[in-house]
Amino acid sequence: MSEKDANPSAKDANPNTSETLIGGDLLGRWEQIRGREGTVVGLTAIFVALFPWLFARAPVVSDFLQGYQSLATLILIWGIFAIGFDLLLGYTGLLSFGHAAFWGGAAYAAGIVAKNVSGDPIVMVLSGTLFAILFAWVLGFLSLRRGGIYFSILTLAFAQMMYFMAASPLAFLTNGENGLTGVDVGSLFGVLHLEADIPSVGGMLLGTWLYAFVGIFFVAAVAVAYRILNSPYGMVFRAIRENEQRAEFVGLNVWRYKLMAFIISGAFAGIAGSLFTIHGAYVPLQSLFWTESGDIVVMTVLGGAGSMFGPVLGVGLYLYIENIVSTIQVLTIPFTDIVLIQDFGYYWHLLLGIVFVAVVWVVPDGLWGIIGRARTFVSEKMGGEQ
C-alpha cells in the first residue's frame, strides 16, 4: 500500500500542493527565498553586472538616463560608503558627522602609499582600510564617551581637525590645498590595467576592469553587511538602537558594541575612500571637509536608513542629480521648444533639497520605503492574504 493510500487525507490537508507543483506558486516560493543570504548576494551580483550596461550603453534607456561608465563606478564606491554608514546610523542609532575623516583619510593613505611604496590596487585598498580601522578605533574610543548630540559634535570636531592638519601641518604629505596629485595606480596583479576595457561580452556589460574591481568589493560589502546584520551581533546593534538602557540592563557591554559598530562602519568608509583614489588617481582636500560627512548623511536618509539597499538608492539619486541634472542648461516642455527654466542645472542644489524635504515629509523611511510599500501592495493583490 502506498503512502498516499495509507493516508488519504494528506492531499486534502494541503489543497495547494498540486497547484504549487504544477502551476508554480512563484510568489510563495519567492517569499521563501528572498531573505536568504545567497539570494541577496546573487541578485546584487546580477545588478552589478547589468547596471553599467543599462546606465551607459543600453539602447533607449541609457539615452534617456544620459549615464556614463565613470559615474556608474562612482555610484558603487559611494554605495559601499553608505552601506557602512547605515550600519552605524540606521542599525545602531549613532549619528556621526565625522565620517569624512575615514573616507578622506583612507583616500590619502592609499594615495601616499601609491606614491611612495606601491601602486598595486590591492595594496592601496589594504593600506587605506587599515588606516581607517585604526583611526576609527581611536576616534570611537574618544567620541563614544559621550552620547547623543555630543557624540555627533565630537566626531565633527575630530574630522575638521584632520582637515586642517591635512591643509597645512601635513602639507608635505598631502600637498595641502592642491590635493594629492600624481597618484600612479599600477596594474592589478601586474597584468590588468584597470582603465582598459574588458574583452568580449564582459566588456559590453561591465565596461572596464576598474568597474569589475569596484563591483567585486561592492558585492563583498553587501555580503559582509548582510552577514553581520543577521547575526547575534547585528541583533545587539538593533537592541542598542531601540533602547540602550534596556540592552545594558540585560548585561550587554553597550559601549563595546557601539565601538565595534563604529570601527566596522569606518572600515567600510576606508574601503570606499581607497577605491575613490584608485578611481580618480587624485585626492582632493575636499574629501576631508565636513560637507562630505553631510553628503553621506543626506544620501542615507534620502534612500532609507535602516535598510540594506536604501542608502545605495539614495547615493544613486544624489549623484545623478549632482552629475547629470546639473548639466541641463535649459528645461523645456517635453516634445516642444517651450522653455520652462533657463540655466536649470545651476539650481541642482535647490532641486535636491526639494526632493529631500518631500521624501522626509511623505515617506520618512526613504525611497526604499516606497519600494517596500509597492511590493506589499503587489503581494496582496497577487497572493491575497498571503
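**Close-up views of a predicted model**

Figure 1. You are looking at a predicted model, in which local features need pLDDT of at least 70, side-chain atom pairs count only at pLDDT 80 or more, and totals for chains, interfaces and linings use all residues. Residues are numbered from 1 along each chain as its sequence is written, and side-chain values use heavy atoms, with hydrogens and water left out. Val-123 belongs to helix 9, which covers residues 121-143. Helices here are DSSP runs of H or I with at least four residues, strands are runs of E with at least two, and both are numbered from the N terminus. Leaving aside residues up to four places away in sequence, Val-123 touches Val-113 and Ser-118; a contact means heavy atoms within 4.5 Å. Val-224 is 101 residues from Val-123 along the chain, and their C-alpha atoms are separated by 20 Å.

Figure 2. How far apart are the end C-alpha atoms of helix 5? They are 30 Å apart, which agrees with the 30 Å that the 21 residues of this helix (residues 37-57) should span at 1.5 Å a residue. The expected span is 1.5 Å times one less than the number of residues in the helix. Look for Leu-50, where helix 5 has a kink of about 35 degrees, shortly before the proline Pro-52. The bend at a residue is the angle between two fitted axes, one for the seven residues ending there and one for the seven starting there.

Figure 3. Which residues of helix 5 are buried? They are Thr-39, Val-40, Thr-44, Val-48, Phe-51, Pro-52, Phe-55 and Ala-56. A handy rule when you look at such a list: an α-helix has 3.6 residues a turn, so residues three or four places apart point the same way. The buried residues of helix 5 pack against several other helices, including helix 4 (26-33), helix 7 (69-89), helix 13 (209-229) and helix 18 (310-323).

Figure 4. As background, most residues other than glycine have a negative phi. Ser-200, which is not a glycine, has a positive phi near 65 degrees. This serine is found in helix 12 and counts as exposed, at 66% relative accessibility. Asp-343 also has a positive phi, near 55 degrees. You can find Asp-343 in the loop between strand 2 (339-342) and helix 19 (348-362), where it is partly exposed at 42% relative accessibility.

**Figure 5. Leu-173 in helix 11.** Helix 11 covers residues 171-174, and Leu-173 is found in it. Is Leu-173 buried, partly exposed or exposed? With a relative accessible area of 38%, Leu-173 is partly exposed. It touches Ile-112 and Leu-180, not counting residues up to four places away in sequence. Tyr-347 lies 174 residues from Leu-173 along the chain, with 36 Å between their C-alpha atoms.

Figure 6. Gly-280 is placed in helix 16 (residues 254-280) and is partly exposed, with a relative accessible area of 42%. Its C-alpha atom is 29 Å from that of Leu-367, 87 residues apart in sequence. Ile-370 has its place in helix 20 (residues 366-383), and a relative accessible area of 43% makes Ile-370 partly exposed. Between the C-alpha atoms of Ile-370 and Gly-98, 272 residues apart along the chain, the separation is 29 Å.

**Figure 7. Stepping back to the chain.** The secondary structure comes to 20 helices and 2 strands, and the C-alpha trace spans about 85 × 65 × 50 Å along its principal axes. How much of the chain is made up of buried residues? They make up 44% of its 386 residues. Among the contacts with a separation of 6 or more, 71% join residues 24 or more positions apart.

Notes: Buried means under 20% relative accessible area, exposed over 50%, partly exposed in between (1.4 Å probe, protein chains only).
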